Protein chains: 2
Amino acid sequence: MSADVAFAELMDYQRQTEALAQVMGRLSWDQETVMPRGAAEQRAEEMAALEGVLHARRTDPRIAEWLELAEPEDEEDEAQLRLIRRSHERATKVPGRLAQEIARVTSAAQGIWAEARAADDVAMFLPTLTEVIRLKREEAAALAVGRDRYDALVDDYEPSATAASISAIFDRMRPRLVALREAVLGAEYQPKPLSGHFGLEAQVRMARDLAATFGYDWTRGRMDMAVHPFSSGSGSDVRITMRVVEADPFNCFYSTIHEVGHAAYELGIDPDYALTPIGAGVSMGVHESQSRIYENQLGRSRAFTGWLFGRMSERFGDFGIADAEAFYATANRVQSGYIRTEADEVHYNLHIMMRFDLERGLIRGTLEPEDLEEAWNARFLEDFGVAVDRPSHGMLQDVHWSVGLFGYFPTYALGNVYAGCLMKAIREAVPDLDEQLARGDTSGATGWLRENLQRHGGLYRPHETVTRACGFEPSEEPLLDYLEAKFRGIYRL
Amino acid sequence: MSADVAFAELMDYQRQTEALAQVMGRLSWDQETVMPRGAAEQRAEEMAALEGVLHARRTDPRIAEWLELAEPEDEEDEAQLRLIRRSHERATKVPGRLAQEIARVTSAAQGIWAEARAADDVAMFLPTLTEVIRLKREEAAALAVGRDRYDALVDDYEPSATAASISAIFDRMRPRLVALREAVLGAEYQPKPLSGHFGLEAQVRMARDLAATFGYDWTRGRMDMAVHPFSSGSGSDVRITMRVVEADPFNCFYSTIHEVGHAAYELGIDPDYALTPIGAGVSMGVHESQSRIYENQLGRSRAFTGWLFGRMSERFGDFGIADAEAFYATANRVQSGYIRTEADEVHYNLHIMMRFDLERGLIRGTLEPEDLEEAWNARFLEDFGVAVDRPSHGMLQDVHWSVGLFGYFPTYALGNVYAGCLMKAIREAVPDLDEQLARGDTSGATGWLRENLQRHGGLYRPHETVTRACGFEPSEEPLLDYLEAKFRGIYRL
């Protein structure tokens, strides 16, 4: 077989694997949005069967033969081969039985977790969580091969990141974040919280308008209600979900903008890459940089909140906020809350650091599932100065561990770090950004991101993707500078 | 390998194939209800990839080995092995490339057909239809192996039925149907058509109530809007769709009851059979017997329409029909219309006979796609006495041929024939049926169907399934007797 033929056969084979992976994503979307509740068990079997197919394809010995023979002709080919090799090597380390078992157990676990959270009942969830952790420890051990087990899982979401590299960043971030938090919470001026009732239908309409404002492509996506906002899919079918809390429209609006950021990344990738390994976001950290920059650096900016204040006033009338300046402060109000997804920009990374430490313990075996609640609550009190009042405000709040996402949380903080760098670059590239945002025009910023980052998909490695876009080596500095300037300004410090 | 081990391994393997087949069905559901329109091309690739997986599984040589060794212990095992053998033999006759090509082309064809129908443009659809027919002729030739090619396709939907056996039934039905049609259309008394405006939301609410009235299990299903009403899925996830025409609420209500009949069959099957070959409706003809008996023999009966008249009067006020007797006639009004799905019980089978003849010609090669429109229109004029005024009223009206369903249409008429037999049996088994239906209680009839037919799934062969339920050999006689009595009564003949 010639190198050309090997490459063509491999890519053809891979294309079908990618298509089947999209089908798997669609099943998850379906489960979270429209699936009848009585279908949970059957769905777990369906997903396990499809996972079995995907695993068998990814471990097919022909892949190694093709990889042996194929020669890249350009950097795109090179990236494709690199990602296929990576996926093949990873898959061959995990027994098919284990991969299927994880798919089956985590599909079912999600529903059990949701019920336990609704009932505020840790005991209801514990057997399932214990089973998930047992399987993930087994998977981590299979993947690690001499390396650290937690690192082996992190690598799935953020290739080449490690617990050590993440710890180093977190160690530099924590003191400045804690100092900022203390300053802000002790400030004389405190923004007014939003209060009132914001009807469901009006929120949904506004959320759809916000999605459009941030450039969401409705011909290749849709928006549905779900318990958790998420974005799902690659290529030409990238869907987002939202939820509505009638007392808190920011919940719906900012999670929508966040998910549009994720979706925009997938939808912004060069269409020639569709259904190939480089046709998806390169890592979860880079993904989160897009969602966070849409949500925070752009969506919670003084300029954009000014525009949003106008639109909300038109739709909801007077809701007790005097002017755009006060609204900006309200939209960025810092408070010590229980829930990560509702956390302000100052607290958010502190939530992540806590989960990072706990989940490392769970995977390495230094923390057992039955001790998690106690460990969570002790750590939360230490880090946030508040005692957790109920499990749904504590260890039951996040879906991640139930679906087997260990090693995923730190990518959220990496995303924030990257978003800080990218925003610095955009500020330089788009001098009139604030004028644009003030009139609800996000195209300068989102266009820059599409052109400089999103369109490349998986062409470059994660760190390289961000470095190329920014023109400088990423670090936590720009994020921390931005946070200090922003919140010292808002809190008049 | 022992017989026991072979059977267990085969069933385990098959269970995963069945789960993946459910995933394929879910992709179709998604495509018809919620898929963004820009995703059509990618979806075609996804479905082709999954079809490739299913085909490879169904042709796996291990199946023949397992079948060789496995010994059935009871009639359930026997049925499982028979159906697996059948599926394996069928799949091995069709090259994988062809199976994938059909999946890809028909997934894309559906959208093209829908656009062509909306634009009333045959030329827009003809290249696609020609391609579908080319592929289906190829598939039929591969399947036939000496038999008639059309029979080979019919066998997919109605095992052991043939063009000859169907023709024999149609030949006996046609004269009595034509005579009844002439008598009814020439009658002095003519029921009033329904007129007025029936709001979308009120129709949707009523349709949901009707679904519940016929016992639809909402914990294992859901109801969405779609261009075409259909039922989708087996086991614990069986979804239905509806459409609303504001001038014609019967369209929504009766198609809903029809789809509930299909769904009730799947949901009524013994849960122990889930994700096995006998865990789905045994044939399309038997399936259609359930949907038609729910819709017509029950839903359009004098007793049930009396109840429905009451409910509709409560919800829509006075809509110009004097009383329950007149409403019964209106709900059963006979008229020579273009559209099969809107046809009354007298005309319906005449539509099927026409499609049966045309599609046999298309598969056997005696009719070419480019001559179809002329052939359709000539035949319609001959059979219905009306000239087709536009393609969407003619050859573009049905989705079937675009998605490759050739040999499927005759099962609709077989379903009617079976429904006639089953109704005769129910009348004997449930003496107070009309009293029950008159108070909106369908449980006597639907419970009888579940107990005597639905729960068996694919345990018995199609014809045997109906014979066992009825207690007599099925024929077209009960249907024709029922139609003549009903319509001579309504038209006062």
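Modeller: Strand E1 (residues 223-225) of chain B runs parallel to E3(B), and 3 bridges pair them. Pairing here needs at least two DSSP bridges between two strands. Strands (E, at least two residues) and helices (H or I, at least four) are DSSP runs, numbered from the N terminus.

This is a predicted model: local features need pLDDT of at least 70, side-chain atom pairs count only at pLDDT 80 or more, and totals for chains, interfaces and linings use all residues. Residues are numbered from 1 along each chain as its sequence is written, chains are lettered from A and ligands numbered from 1 in the order in which they are written, and side-chain values use heavy atoms, with hydrogens and water left out.

Back to the strand. B:Met225 stands opposite B:Met242. The other partner is strand E2 (residues 231-232) of chain B, antiparallel to E3(B) and joined to it by 2 bridges. There B:Ser232 has B:Arg239 as its bridge partner. The hairpin of E2(B) and E3(B) has 6 residues between the strands, and B:Gly233 takes a positive phi near 105°.

Put together, the 3 strands make an open, mixed sheet in the order E1-E3-E2 of chain B. E1 and E2 of chain B stand at the edges with a single partner strand each, so one side of each has no neighbour in the sheet.

Which faces of E3(B) are covered? In a regular strand, side chains alternate between the two faces of the sheet. Strand E3 (residues 239-242) of chain B is covered on both faces. B:Arg239 and B:Thr241 are buried on one side, B:Ile240 and B:Met242 on the other. Buried means under 20% relative accessible area, exposed over 50%, and partly exposed in between (1.4 Å probe, protein chains only).

B:Arg239 also reaches the other chain. Its salt bridge is with A:Asp30, and the closest N and O atoms are 2.7 Å apart. A salt bridge is a side-chain nitrogen of Lys or Arg within 4 Å of a carboxyl oxygen of Asp or Glu. The rule finds 6 of them across the interface of chain A and chain B.

Now the wider interface. Chain A and chain B each give 35 residues to the contact, which means heavy atoms within 4.5 Å. The two chains bury about 2900 Å² between them, 55% of it on carbon and sulfur atoms. In chain A, A:Pro36, A:Gln42 and A:Thr219 lose the most area to chain B, together 18% of what that side buries. Buried area is the accessible area (1.4 Å probe) that two parts lose on being put together, summed over both.

Chain A has its own sheet. Its 3 strands are ordered E1-E3-E2, open and mixed. Strand E1 (223-225) and strand E2 (231-232) of chain A are the edge strands; each has a single partner strand, so one side of each lacks a neighbour in the sheet. E2(A) runs antiparallel to strand E3 (residues 239-242) of chain A, over 2 bridges. A:Ser231 stands opposite A:Ile240 in E3(A).
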